[in-house]
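Please look through the sequence and the structure shown here before reading on.

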Amino acid sequence: MGTASADPTAGPNLVQEMADIKRMVVAMESHMEVLKSTVRAQNEIIERQNYRIEVFEKKQTSLPIQAAAMPQTPSPAKTLMQGGFNPDIGVVGTTQGKLTQNKADIDGNNTIVLKELEVNFAGAVDPYSRLDATLALNDNLEDQNIDIEEAYYTRWGLPLGFTTQLGKFRAMIGKENLMHAHQLQTADYPLVIQNFFGEEGLSSSGARLKNSIPNPWDLPLEFTGEILRGNNGESFSGISRRPIFNTHLKSFFEPSQDTNLELGWTTLFGDENPPRTILVDDGTGVMVEEEYTPAEGQDRYGVKVFGGDATFNWFLPEGKRVMSQSEIYFQNRTGRVYDNNAPWGFYSLVEYRFSPKFSTGARFDYLNPLDVAGRQGTTSISPYFIFWQSEFADVKLQYSHTVYAGGEKTDNAAFFVVDFMIGAHKHVVQ
Amino acid sequence: MAKKILIPSLVVSSFALLFCHVLFAADKLNVVATTTTLANIASEIGQYKIRVASIASPKQNIHHYAPTPKDVLKVKKADVLIHEGLDLEAWRQPLLDAAGNSRFFGDGKYSIDVSRGIPLLEIPTSLSRSEGDIHAFGNPHYIGDPENAKIIASNIAEGLTNVDPENAAFYRKNAASFNERLDTKIKDWEARMAAFQGAPVVTYHRSWSYFVKRFGLVVIGEVEPKPGIPPTAKHLAALIQQIKNKNAKVIIKEYFEENRTPKKIAEETGIRIVNLSQAVGEPENAKDYLSLVEQDISLLEEALGTQKGRVS
């Protein structure tokens, strides 16, 4: 009583302290449980290690010569000394056999060639950035060379969550332009990509800035802006005066647990650069190269390319999958270099992966090309078949029937492509 | 003209982004787990103090999953990443690169590797792709052993504690409670599987090594000739002979693996095919880790039980 009267708050304080102590005991008990389970796990590891040591020692006594010849697991320190800081290295090869009827094919008609040997290097530069590089070695008949297919530095963590990439990279145009040849479902790039951006798409030096756009619906909305070197790809070839500006907006939906849909929109602005030289008739019917200077100079951003892409995936039981992908591109040009002021084209591809080993599909192409004025279009249908030998090797068989603009020429081509890879190889998340 | 439009557009866009970042800022710890199973265990431990999302679909092969733009967004927004470590999720690094969330680079405290302390099986003595899609650090399918789930739970509790020390007691208490429930269930599962000790089984992929070891089954062969390599006719002929010789009872496969080859084997040998899963949500009624393993055990019990007469 005396104590209570001396300190009227002692009672409630005591209760509070008791409650705190109880909470601490509960927390300590739970911590003890966690520690116990950790100790149990560690004991299991020790037991296993002891058993391994026993087995190893027995092997050493019974088979001294073999044991000495066995490769030793390097210690972490040794691993670092021997190149733990080396980048990840991978090699991807693509061999292509092709039977064609087209006499204009610069590779020749019935050929087999090591189409490409890609050497990839990748690794962290520091805690904020990384470097990815792909060198492509080509076995072209008269022009064996090494191309820098991609070599770009990525810096994350810029203000507002922006990421930048600098160097040379495959431009963010639709879907297939981002892919290396061995990643394609088909043996070649779609006609519209080849005609507008080059045989293997548009890979260019430049700078890229990308970010996700936050929104109340939690919808993936990714925006990419690129400034690319001005003379690049078929549509922008020639003498550069200004860079190409490219923007890409991408969104993604999951209509159900087994399906997803990705939609994208691309806009490119660039100059219609006149070629350094043009071919002219010398009066005797022989075409000769001649320096060319346009009378009116270049128009600012005389080439505008607009494109849409859609990719739909339907995942079926047992690892089967149906995939459909389409891209469409329109151009608005000043018509200084090519005859066609408004070329356009699209492709549509459907693929069915019906077992771990096999896929089959078909691609339809339509192209109103850069160099053909009017509404004449090239159409092509390409059924194909893929044998997935493993995750690291595949074989593609493709037949393409093409009717060129005007309908006068047709071509039948058969492709046999083998892709193979060794070492570290990871594909960029698109 | 272009400058007149470009500069104001950039300024307006930057302010809009800043506004949205503030407006949609999270009030709970945003946790992203690479699998549905890890997401479930994390939610048992973090409960209402965390918001959990998962990446890989339970219906797809974890090795071959292709991350989507939605996954990139989840990782970008996350405070904590929980993953299975080793090289199970080969797509993890490209996903982290795409998301660019610097918290998860390296071995920082925001990246919880739940494989720490797990006694690994099948650590290769040499590395060559001639051995198929082998795993450099050992078999990464350790989640098949429920004893390992206890280590995973403890790792998650410690990981969350490192990020959010104020709630350390809460996370540890929930981990202890989860492990206690798991202990009770493991005793039950082991008792039910005791009748099938030493039963020879076949697995499709080498993803059940930890599970069969825990419950005393013996794997006599795999449908895949080597990890990740599709079956060949020659390998199947040898496997069928092996099944007949050793009187194997069941083929254990996951739902996403093809049925055609196991059916062919079953037609020739009479072996039963059992679809099991290590991913919460596949099948849909496996809503948490405990019910997932319960379902696996029940299916196996039924398959092995109906053939009890054939056990040698």
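## Loops, a helix and a core

In chain A, the loop between strand E12 (303-315) and strand E13 (321-333) holds A:Glu318. The model is a predicted one, and in it the phi of A:Glu318 is near 65°, a positive value in a residue other than glycine. Most residues other than glycine have a negative phi, and most peptide bonds are trans. Because A:Glu318 has 16 C-beta neighbours inside 10 Å, it counts as partly exposed.

B:Glu122 lies in the loop between strand E4 (111-113) and H5 of chain B, and it counts as partly exposed because it has 15 C-beta neighbours inside 10 Å. The table sets out the phi values of these residues together with that of B:Gln47, the residue that follows H2(B).

| Residue | Phi |
|---|---|
| A:Glu318 | near 65° |
| B:Gln47 | near 45° |

A further backbone detail is the cis peptide bond that joins B:Glu282 and B:Pro283, with omega about 0°. B:Pro283 belongs to the loop between strand E8 (272-276) and helix H10 (289-306) of chain B.

Is helix H2 (residues 36-46) of chain B mostly covered or mostly open? The helix is mostly covered, since eleven of its eleven residues are buried, and among them are B:Leu38, B:Ala42 and B:Ile45.

Which residues have the most contacts inside the largest nonpolar core? They are B:Ala42, B:Ile45, B:Ile82 and B:Ile156, in a core of 78 residues. This core draws at least three residues from each of domain 1 (26-186) and domain 2 (190-310) of chain B. Leaving aside its neighbours within four places in sequence, B:Ile82 is in contact with several residues, including B:Leu38, B:Ala42, B:Ile112 and B:Ile156. Apart from this core lies another, of 24 residues, which includes A:Phe196, A:Phe197, A:Ile244 and A:Val305.

The centres of domain 1 and domain 2 of chain B, taken over C-alpha atoms, are separated by 25 Å, and the contact takes 30 residues from domain 1 and 24 residues from domain 2. On the side of domain 1 that touches domain 2, the elements that give two or more residues are H2, helix H5 (146-163) and helix H6 (168-193) of chain B. The residues of that side divide into ten nonpolar, twelve polar and eight charged.

Notes
Residues are numbered from 1 along each chain as its sequence is written. Chains are lettered from A and ligands numbered from 1 in the order in which they are written. This is a predicted model: local features need pLDDT of at least 70, side-chain atom pairs count only at pLDDT 80 or more; totals for chains, interfaces and linings use all residues. A residue is buried if 20 or more other C-beta atoms lie within 10 Å of its own, exposed if 12 or fewer, and partly exposed in between; C-beta atoms are placed from the backbone. Helices (H or I, at least four residues) and strands (E, at least two) are DSSP runs, numbered from the N terminus. A nonpolar core is a set of buried Ala, Val, Leu, Ile, Met, Phe, Trp, Tyr and Cys residues joined through C-beta atoms within 7 Å. Domain bounds come from an automatic or database domain assignment. Two residues are in contact if their C-beta atoms, placed from the backbone, lie within 7 Å. Ala, Val, Leu, Ile, Met, Phe, Trp, Tyr, Cys and Pro count as nonpolar, Asp, Glu, Lys and Arg as charged, and the others, Gly among them, as polar.
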